[in-house]
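Me: I would like to go through the labels attached to this model one at a time. For each label, set the value against its cut-off and then conclude.

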Amino acid sequence: MASYRFRCRDIGMDCQYEVSSKKAEDLIPEIVDHAKKDHGIENIDDDLKQKINGAIKRRIF
Ligand SMILES: [Zn+2]
(Lines give C-alpha, C1' and ligand atoms only; values in the text may rest on other atoms or scores of the structure.)
Protein backbone atom coordinates (compact mmCIF):
# COMPACT_ATOMS: atom_id res chain seq x y z
CA MET A 1 0.00 0.00 0.00
CA ALA A 2 1.27 3.43 -0.87
CA SER A 3 0.42 6.83 0.43
CA TYR A 4 1.43 10.36 -0.31
CA ARG A 5 2.52 12.93 2.17
CA PHE A 6 3.10 16.66 2.01
CA ARG A 7 4.81 18.69 4.68
CA CYS A 8 4.64 22.45 4.61
CA ARG A 9 8.17 22.80 5.93
CA ASP A 10 9.46 20.93 2.89
CA ILE A 11 8.64 23.98 0.78
CA GLY A 12 10.48 26.26 3.18
CA MET A 13 7.60 27.32 5.41
CA ASP A 14 8.03 27.61 9.15
CA CYS A 15 4.96 25.50 9.70
CA GLN A 16 4.12 22.13 11.22
CA TYR A 17 1.27 21.34 8.86
CA GLU A 18 1.33 18.01 7.13
CA VAL A 19 -1.23 15.98 5.26
CA SER A 20 -1.29 12.51 3.78
CA SER A 21 -3.56 10.59 1.46
CA LYS A 22 -3.66 7.48 -0.67
CA LYS A 23 -3.96 9.61 -3.79
CA ALA A 24 -1.66 12.50 -4.65
CA GLU A 25 -4.56 14.35 -6.33
CA ASP A 26 -6.44 14.38 -3.04
CA LEU A 27 -3.66 16.31 -1.38
CA ILE A 28 -3.84 19.34 -3.64
CA PRO A 29 -7.20 20.75 -2.48
CA GLU A 30 -6.14 20.22 1.14
CA ILE A 31 -2.89 22.06 0.55
CA VAL A 32 -4.62 24.90 -1.32
CA ASP A 33 -7.05 25.26 1.57
CA HIS A 34 -4.25 25.29 4.12
CA ALA A 35 -2.25 27.85 2.11
CA LYS A 36 -5.28 30.16 2.02
CA LYS A 37 -6.28 29.82 5.65
CA ASP A 38 -2.91 29.72 7.35
CA HIS A 39 -0.62 31.56 4.97
CA GLY A 40 -2.98 33.99 3.25
CA ILE A 41 -1.96 32.71 -0.17
CA GLU A 42 -4.95 33.29 -2.45
CA ASN A 43 -3.37 32.28 -5.71
CA ILE A 44 -1.09 29.32 -6.09
CA ASP A 45 1.08 30.20 -9.08
CA ASP A 46 2.94 27.73 -11.27
CA ASP A 47 6.16 28.16 -9.31
CA LEU A 48 4.50 27.28 -6.04
CA LYS A 49 2.58 24.46 -7.68
CA GLN A 50 5.84 22.94 -8.86
CA LYS A 51 7.35 23.31 -5.40
CA ILE A 52 4.35 21.58 -3.86
CA ASN A 53 4.41 18.75 -6.37
CA GLY A 54 8.11 18.31 -5.76
CA ALA A 55 7.56 18.14 -2.02
CA ILE A 56 4.89 15.44 -2.15
CA LYS A 57 6.53 12.20 -1.13
CA ARG A 58 5.32 8.74 -1.89
CA ARG A 59 5.63 6.19 0.82
CA ILE A 60 5.18 2.46 0.58
CA PHE A 61 4.23 0.36 3.55
ZN1 LIG B 1 1.73 25.69 6.30
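Me: Why is S20 called partly exposed?

Reply: This is a predicted model, and the values are computed from it. The relative accessible area of S20 is 48%. Buried requires under 20% and exposed requires over 50%, so S20, at 48%, counts as partly exposed. S20 is placed in strand β2.

Me: What does S20 touch, leaving aside its neighbours within four places in sequence?

Reply: S20 is in contact with Y4, R5 and L27 on that basis. A contact here needs heavy atoms within 4.5 Å. For R59 and S20, 39 residues apart, the C-alpha separation is 9.8 Å.

Me: Which residues of β2 are on the covered face and which on the uncovered one?

Reply: V19 and S21 make up the covered face of β2, while E18 and S20 make up the uncovered one. In general, side chains in a regular strand alternate between the two faces of the sheet.

Me: How do you know that β1 pairs with β2 and with β3?

Reply: Pairing requires at least two bridges. Four bridges join β1 (2-7) to β2, and these strands run antiparallel. Four bridges also join β1 to β3, again antiparallel. Both pairs therefore meet the criterion. Y4 has a bridge partner in each: S21 in β2 and R58 in β3. R7 is bridged to E18 in β2.

Me: Why is R59 called partly exposed?

Reply: The relative accessible area of R59 is 29%. R59 lies in strand β3 and, leaving aside neighbours within four places in sequence, is in contact with M1, A2, S3 and R5.

Me: What makes the site of the zinc ion tetrahedral?

Reply: The protein donors are C8 (SG), C15 (SG), H34 (NE2) and H39 (NE2), at 2.0 to 2.3 Å from the zinc ion. Donors must lie within 2.8 Å of the metal, and these four do. The angles among the four donor atoms are 101 to 115°. The tetrahedral label requires all angles between 85 and 135 degrees, so the site of the zinc ion qualifies. For reference, the ideal angle for four tetrahedral donors is 109.5 degrees.

Me: How are the donor residues of the zinc ion spaced in sequence?

Reply: The donor residues of the zinc ion follow the pattern C-x6-C-x18-H-x4-H. C15 is in the loop between β1 and β2 (18-21), and H39 is in helix α1, so this pair ties together parts that are 24 residues apart in sequence.

Me: Are C15, H39 and H34 buried or partly exposed?

Reply: The cut-off for buried is under 20%. C15 has 12% relative accessibility and so counts as buried. H39 has 28% and therefore counts as partly exposed. H34 has a relative accessible area of 5%, so H34 is buried. H34 lies in helix α1 and touches C8, C15, Y17 and H39, not counting residues up to four places away in sequence.

Me: Why are the buried residues of α2 said to line one face of the helix?

Reply: The buried residues of α2 are L48, I52 and A55. Seen down the axis of α2, they fall within an arc of 65°, so they line one face. On the other side of α2, D46, D47, Q50 and G54 are exposed. The cover over the buried residues of α2 includes β1, α1 and β3 (57-60).

Me: Why does L48 count as buried?

Reply: L48 has 16% relative accessibility. That is under 20%, so L48 counts as buried. Not counting residues up to four places away in sequence, L48 touches I11 and I41.

Me: Which residues have the most contacts inside the largest nonpolar core?

Reply: They are F6, I31 and I52, in a core of 14 residues. Helices α1 (24-39) and α2 (46-55) each supply at least two residues of this core. Leaving aside neighbours within four places in sequence, I31 is in contact with F6, Y17, V19, I52 and I56.

Note on methods: Residues numbered from 1 in each chain as written. Predicted model: local features only at pLDDT ≥ 70, side-chain atom pairs only at ≥ 80, totals over all residues. Heavy atoms only, no water. Core = buried A, V, L, I, M, F, W, Y, C linked by side-chain atoms within 4.5 Å. Buried < 20%, exposed > 50% of the residue type's maximum accessible area, 1.4 Å probe, protein only. Donors = N, O, S within 2.8 Å, 3.2 Å for Na, K, Ca; no water. Tetrahedral: all angles 85-135°; square planar, octahedral: opposite > 155°, others 65-115°. Arc of directions from axis to C-beta.
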